[in-house]
Amino acid sequence: MNRVLIVEDDPGMASFIDKGLGSRGYATKVIDEGSAATAIASDEDFDLLILDLGLPDVDGLSVLREL
């Protein structure tokens, strides 16, 4: 099963992506903060990262650079 990390602070958008991928058999994890996403992505294996660039605590580009 493919694992997808979704980093999105808008609950509606996060839910839309999560439900769409879940209905197609993907295992998803939704995070709404960049700092938490960096920690989780470093500790767990994911096949895909969907990353919002405009996060409230740490912007998505900073998360990407850190990873």
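A polar contact is taken here as a pair of N or O atoms within 3.5 Å, where within protein one atom must be able to donate a hydrogen and the other to accept it, and where residues adjacent in sequence count only if both atoms are side-chain atoms. The model is predicted, so that local features need pLDDT of at least 70 and side-chain atom pairs count only at pLDDT 80 or more, while totals for chains, interfaces and linings use all residues. Residues are numbered from 1 along each chain as its sequence is written, and side-chain values use heavy atoms, with hydrogens and water left out.

**View 1. The N-terminal end of helix α1 is capped by D10.** A side-chain oxygen of D10 lies 2.9 Å from the backbone nitrogen of G12. Helices (H or I, at least four residues) and strands (E, at least two) are DSSP runs, numbered from the N terminus. The expected span of a helix is 1.5 Å times one less than its number of residues, and the 12 residues of α1 (residues 11-22) should therefore span 16 Å, in agreement with the 16 Å between its end C-alpha atoms.

**View 2. Helix α1 has a buried side and a face turned away from it.** Buried means under 20% relative accessible area, exposed over 50% and partly exposed in between, with a 1.4 Å probe and protein chains only. A14, I17 and L21 are the buried residues in question; they cover an arc of only 70° around the axis, which puts them on the same side of α1. That arc is taken from the directions from the helix axis to the C-beta atoms. The face turned away from the buried side carries the exposed residues P11, F16 and K19. The buried residues of α1 pack against β1 (3-7), β2 (27-31) and β3 (48-51), where contact means heavy atoms within 4.5 Å.

**View 3. Three strands form an open parallel sheet in the order β2-β1-β3.** β2 and β3 stand at the edges, each with a single partner strand, so one side of each is left without a neighbour in the sheet. Two strands pair if DSSP finds at least two bridges between them. β1 pairs with β2 over 5 bridges, V7 having I31 in β2 as its bridge partner, and β1 pairs with β3 over 4 bridges, L5 being partnered by L49 in β3. β1 is mostly covered, with 4 of its 5 residues buried.

**View 4. Helix α2 (residues 34-43) has G34, A37, T38 and I40 as its buried residues.** What covers these buried residues includes β1, β2 and α3 (60-66).
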